[in-house]
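Please open the model in your viewer and keep the sequence panel beside it. The stops below are meant to be selected one after another.

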Amino acid sequence: MKKTIRSIGLLMALALLLSACGSAEKKSQPADAQKESLTCAAWADLVWAAAGGAQMTDVTEKYLEKTLLIQAADLADWVFRRDGEGATPEMILVLKVKDAGKTDTVRQAVQDYLEERTLQYRDYQPDQLYKLENAKVLQKDDLIALCVSPDAEKALKAFGDGWK
Amino acid sequence: MIAALMLLLLAPDALGEVKKAYCDPVLLPPDAPMHEPTGDEYFDDAVFIGDSMMEYMEMYELLPTASYVWQIGMSPMSVGRKQFRVAGSNEKITTYEQAALYHPTKIYVWLGANGLDNKASEPVIEDYEKMADELIDHFPNALIYVISPPPMSRERMSKEKYVVPGRYRKFEGLLRELAARRNFYYIDMYHMIADADGYMLLQYSMGDGFHLNRTALSMLADYIRTHTVPYPEGEENAQ
């Protein structure tokens, strides 16, 4: 069911982008405008389709709270997917924070998690380390994102303008 | 002075005794009897301690009510040194402190794959002995289960060069003996996963010849569900 929802989400996200690309002269601006309405899952679909490698598994709320040390109740929407079949550090997460006052806290929690994960992989699987080292915690208004993928540049490009 | 000497002489270590875990007085370790699958409620107060493979157990929600304490690369040697972040503070706590937060009456340990990849079975079992002491000290009233680590695939072992199938086979035997000595219940994952030559069967590999895939982890969860020991009646959760 989750896979079906994800597939529909991906198709919708791609349809939005394709329609935007086809209908305007300046390709990037309309696409970015269309992205404003994306859900966290649609963001994840979009970015992972561009930059991803592994087959992903949606993690549970319990897993999210335990690994990021945040409360799911503080999020208006979220998606957190980990490499489910390939034993790599690949992941994508997009979190929409409910209360603007907590955005910095959530961003810091994701940053701490990335640093912890990077430290763990240093001795464990050094050949996978570059994926974590190249990954950046990004923010756009109330959205916080992290994409650990084989190609960080493609991921950044897929997020588009406004993320920093 | 004489009393102190007597105490020293009677200490378990001086007598060559080992610390033993709490166990069912009838269903004695190391073998847990096979039965119909137990429900999720058995795992409400169970903690699973392990490495990256335990992370996948948690991610797949194979035992959804259990609590998990894992870290990538964790080994019997490093388990006591690993640190866990605490929400809302800069404090860090140990693996055992993290596990204690869940007030477990059952503890499942699945470690050894990290360790056997670069050491022989004997030093790894020595690390396991030290970990056994720490586990019993921290959780004197918990039933403790230990799960044998899977071997690597043939291809992976040939790449590692210094790892041989016999190491895992030997460790499996040593771990069973340790379980009997320590009153741990033993779960033999090794023989579920290994072929006749002692390599991981490819159908259970996540692709890297080291981690187990969803099929294998589901098998393990099924085995765990059908090999439990009830927490002895009348005993309070004293963790």
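In which loop of chain A does A87(A) lie? Select A87(A), and you will find it in the loop between β2 (75-83) and β3 (91-97) of chain A. What you are looking at is a predicted model, and in it A87(A) has a positive phi of about 55° although it is not a glycine. With 23 other C-beta atoms within 10 Å, A87(A) is buried, the cut-off for that label being 20 or more.

Of the 164 residues in chain A, 35% are buried, and among the contacts in chain A with a separation of 6 or more, 61% join residues 24 or more positions apart.

Next, display the contact between the two chains, to which chain A gives 16 residues and chain B 13 residues. Colouring the chain B side by residue type will show four nonpolar, five polar and four charged residues.

Now move into chain B and select β5(B), where five of the five residues are buried. K106(B), Y108(B) and W110(B) point one way from this strand, whereas I107(B) and V109(B) point the other way. β5(B) pairs in the parallel sense with β1(B) over five bridges, and also in the parallel sense with β6(B) over four bridges.

Which residues touch the most other members of the largest nonpolar core? In this core of 65 residues they are F48(B), I107(B), V109(B), I144(B), Y145(B) and V146(B), while α5(B) gives the most to the core, with six residues. Selecting V109(B) and leaving aside residues up to four places away in sequence, you will find that V109(B) touches I49(B), G50(B), I144(B), V146(B) and I147(B). A second, separate core has 42 residues, including M56(A), L64(A), V110(A) and A158(A).

Go on to helix α7 of chain B, residues 165-182, whose 18 residues should span 26 Å at 1.5 Å a residue, in agreement with the 26 Å between its end C-alpha atoms. Within α7(B), the buried residues are R167(B), Y168(B), F171(B), E172(B), L175(B), A179(B) and R182(B). Turn the view to look down the axis of α7(B): the buried residues fall within an arc of 135°, so they line one face of the helix. Among the elements of chain B that cover these residues are α4 (113-116), α5 (121-138), β6 (143-147), β7 (185-187) and α8 (190-193). Just after the helix, N183(B) takes a positive phi of about 65°.

Select H103(B), in the loop between α3 (95-100) and β5 (106-110) of chain B, where phi is near 50°, a positive value in a residue other than glycine. H103(B) is partly exposed, with 14 other C-beta atoms within 10 Å. Finally, select P29(B) and P30(B), which are joined by a cis peptide bond with omega near 10°; P30(B) lies in the loop between α1 (2-10) and β1 (46-50) of chain B.

How values were computed: Residues numbered from 1 in each chain as written. Chains lettered and ligands numbered in written order. Predicted model: local features only at pLDDT ≥ 70, side-chain atom pairs only at ≥ 80, totals over all residues. Helix = DSSP H or I, 4+ residues; strand = E, 2+ residues; numbered from the N terminus. Expected span 1.5 Å × (residues − 1). Buried ≥ 20, exposed ≤ 12 C-beta atoms within 10 Å, placed from the backbone. Arc of directions from axis to C-beta. Contact = placed C-beta atoms within 7 Å. Nonpolar A, V, L, I, M, F, W, Y, C, P; charged D, E, K, R; others polar. Core = buried A, V, L, I, M, F, W, Y, C linked by C-beta atoms within 7 Å. Pairing = 2+ DSSP bridges.
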